[in-house]
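Please read it beside the sequence and the model.

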Amino acid sequence: MDFKFSLIDFLDKIDKHDDKYAIVHILLLLIPVIIVFSIVKIIVKKILGFLFRTIFFCFKGNEDDDEIPEKENLLQKKPYKPYEDRKIENNEKLKKKDLDINEFSPSLSSSKKNKKKKKKSNSKGNSPKISREYLYSTIDDDIMDVVDYYNLETPGYPYYPPIKYWKQNIETKGGQPPKHEEWLKMVKAVFVETNKNKGIVIRINFPYSESLNHLKPYNKAFINENHERVEPTYVKGILGEWSIYRKAFGIVAQPKIKSIQLEGTPSYFSPSNLKTILDGVILGSDIISQNDFLFVGHPYETTEEHLKMLKKFGFKRLKICIYDFAQNVLQAINRPNYNLKNVEQLIKMARDNGFNYIHLECMYNLPKQTLDSFSETLKSVIELEPNQITLSKYEFVEWNTHSRNFSQTVMPDEEDIRAFHLLGIQILNKSGFTCLGLDEYLNIADNNPLIEAKKKGQLQYSSLGFLINKEIEKDTSERYKSNKRLILGLGIEAISDIYYGYAMNTRSVRDWLSNVLEKGKFSFTNGHELLQNEELLRGAIWQFLCDGRIKITKLLTRALSFESFKEIKEAIDNGILGLNGFQIKKDGVVVLDGDEIWVLDKDVRVSNDFGRKCDLLMPGLCQLLDNTQYRKKKRN
């Protein structure tokens with residue numbers, strides 16, 4: 001007997017019985033069945049998975065019986081051991097390095113691994129796949145151990161104390177944003193001292209964008225496609241903030257503008273609105289140099305109209321942030337337009353319009369980024385022939401997950417962070433770039449005057465980066481103070497540096513506009529007024545960074561902590577630093593047997609294209625003069 005079930009016939013029969021709610025009854029029967037089936041499916045899947053893993057580890061258990069040592073965090077500072085005490089450890093490392101890296105690749109079958117080995121033995125030109133182990137195996141053990149201890153991938157010292165310490169001043173028990181009148185008083189003082197010879201630097205920040213950058217904790221008020229509503233108001237705010245400073249200068253002197261830097265996303269604004277801002281800033285001011293006028297470009301939003309307008313004002317420098325040209329990385333951070341094709345087009349368009357200095361900032365430690373993708377990106381960047389390349393590490397910070405589409409699980413392993421850094425250093429040194437300091441690399445073929453200034457001891461560091469100062473006084477306390485200049489930040493979240501202190505504008509658009517336009521006052525949300533000791537330490541760190549040598553004066557001795565002297569002495573004992581001069585006492589205690597320190601063998605080049613020893617160690621060595629790392633200990 002054939003039996004076929006037809007849902008339509010079944011429903012027709014129900015309709016004949018005038019049951020209006022028959023369909024409801026059927027749904028009530030089907031839904032529980034579907035739910036029960038789904039739950040049973042999940043349970044069966046988990047049971048089968050558990051059985052499979054149990055069987056797998058039973059066979060593999062003998063291989064993993066040895067106790068697995070706890071992973072060391074490469075970014076954590078480890079106790080330094082002299083070379084003689086580390087010979088046994090180094091021999092063990094060498095044994096591990098002799099192993100073929102491809103042996104650890106789970107994606108290769110045994111036959112493929114054998115083919116890889118044959119290729120490696122037959123061809124010297126083919127290098128192993130890039131990995132952390134391979135990179136470390138190319139560096140001498142002695143150098144690698146010192147790098148482990150001193151190079152902590154520090155973000156540099158554009159501000160001292162670093163921003164995270166601005167509200168942790170022990171003496172003032174929590175620093176507050178500077179008050180309007182006090183800030184203007186300091187601005188006037190620095191303006192009178194520096195305007196004639198050094199001029200002022202104006203940094204204008206543009207926070208708006210049409211899409212969310214998932215690397216940054218954006219205020220959603222900045223994501224706006226309504227240009228007609230946003231741009232005119234922001235332009236008024238910028239010019240209003242500048243007018244406050246102009247009134248403060250009064251009739252003392254006409255401002256001499258050394259540099260204008262358009263930062264953030266200025267391409268969001270139309271060329272006409274950018275022109276309005278520049279006209280308002282330059283009006284009534286003298287331009288003493290146009291070589292340092294800088295524009296941060298967007299590979300997709302920057303148009304030729306932008307560049308032509310900027311050319312008329314003397315802009316010649318273009319800076320572009322390079323994330324990674326791998327599409328999966330760009331998709332993860334919601335920056336698909338920052339691809340190689342768009343970057344190439346922007347650079348060509350900029351050069352055609354008179355921009356003769358291209359600065360590319362290459363980021364590493366990005367979500368879904370690999371050593372291979374980073375290597376390919378850097379090679380593509382070098383083919384673009386930029387004048388300057390900066391290696392910049394992305395710091396993952398937890399915040400509201402609604403503002404990003406990736407989690408920490410897709411970030412590179414912490415142990416790979418140093419590998420990214422060393423890989424970048426190696427590729428750039430192989431490709432004709434030289435390190436100026438703190439991961440700033442210049443193209444040697446350009447004969448950049450900064451390279452010559454470094455050789456002559458005329459290089460200087462500031463919150464603007466590296467500068468040339470031919471009037472530097474060597475080996476005196478005044479040397480620490482020669483960085484004095486007026487750097488004014490305009491716009492949301494802009495930072496001003498007036499030597500005696502810092503101030504950061506608020507993130508609130510409403511507060512900023514109401515204070516600037518209605519009250520004629522600044523709207524600071526953070527800031528720090530430097531103590532005398534902090535001024536000295538900042539100058540000392542910047543000098544040591546540029547020269548690799550410093551004279552410890554009596555004033556600097558008072559500013560440095562006992563912990564700093566302890567670590568300096570340790571570096572001397574371990575052959576990292578040299579010492580000369582007269583004995584130093586602090587509070588009646590001998591802390592050092594000399595008053596001048598320098599990096600030993602600082603110009604010696606590390607094998608396999610890792611640059612100079614000094615360049616590798618300097619980020620960590622600068623921390624020897626940094627008291628902020630001890631503040632938490634002091635407070636406790």
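1. Strands S16 and S20 (residues 596-599) pair in the antiparallel sense, with three bridges between them. Two strands are taken to pair if DSSP finds at least two bridges between them. Within this pairing, Arg549 has Trp598 of S20 as its bridge partner. Helices (H or I, at least four residues) and strands (E, at least two) are DSSP runs, numbered from the N terminus.

2. On provenance, this is a predicted model, in which local features need pLDDT of at least 70 and side-chain atom pairs count only at pLDDT 80 or more, while totals for chains, interfaces and linings use all residues. Residues are numbered from 1 along each chain as its sequence is written, and side-chain values use heavy atoms, with hydrogens and water left out.

3. The pairing of S16 with S20 belongs to an open antiparallel sheet of three strands, in the order S16-S20-S17. Strand S16 (549-551) and strand S17 (577-580) are the edge strands, each pairing on one side only. From one strand to the next the twist averages 15 degrees. Helix H20 (residues 562-573) lies across S17 and S20 and runs at about 105 degrees to S17. Axes are lines fitted to C-alpha atoms, for helices over the stretch in contact (heavy atoms within 4.5 Å), and angles run from 0 to 180 degrees between N-to-C directions.

4. Lys551 is placed in strand S16. Lys551 and Asn580 are separated by 29 residues in sequence and by 9.4 Å in space, C-alpha to C-alpha.

5. A parallel pairing of seven bridges joins strand S1 (residues 200-206) to strand S2 (residues 256-264), and Asn205 has Glu263 of S2 as its bridge partner. S2 also runs parallel to S3, through two bridges, with Ile257 opposite Ile287 of S3. Together, S2, helix H9 (residues 271-282) and S3 make a right-handed β-α-β unit; right-handed means that, with the strands pointing away from the viewer, the path from the first strand over the helix to the second runs clockwise.

6. The whole structure contains 27 aromatic pairs. Rings of Phe, Tyr and Trp (its six-membered ring) pair if their centres lie within 6.5 Å; planes under 30 degrees apart count as stacked, over 60 as edge-to-face and the rest as tilted. Trp183 and Phe524 are edge-to-face, at 5.5 Å centre to centre and 70 degrees between the planes. Because Trp183 lies in helix H7 (residues 180-194) and Phe524 in strand S15 (residues 524-529), this pair ties together parts that are 341 residues apart in sequence. Trp183 and Phe524 are both buried.

7. Phe293 and Phe315 have ring centres 5.2 Å apart and planes at 65 degrees, so this pair is edge-to-face. Both residues, Phe293 and Phe315, are buried. Elsewhere, ring pairs link Phe206, Tyr208, Phe222, Tyr234, Tyr268, Phe269 and Trp512 into a cluster.

8. Arg538 lies over the face of Tyr499, 4.5 Å from the ring centre. The criterion is NZ of Lys or CZ of Arg within 6 Å of the ring centre and within 35 degrees of the ring normal.

Key:
Buried < 20%, exposed > 50% of the residue type's maximum accessible area, 1.4 Å probe, protein only.
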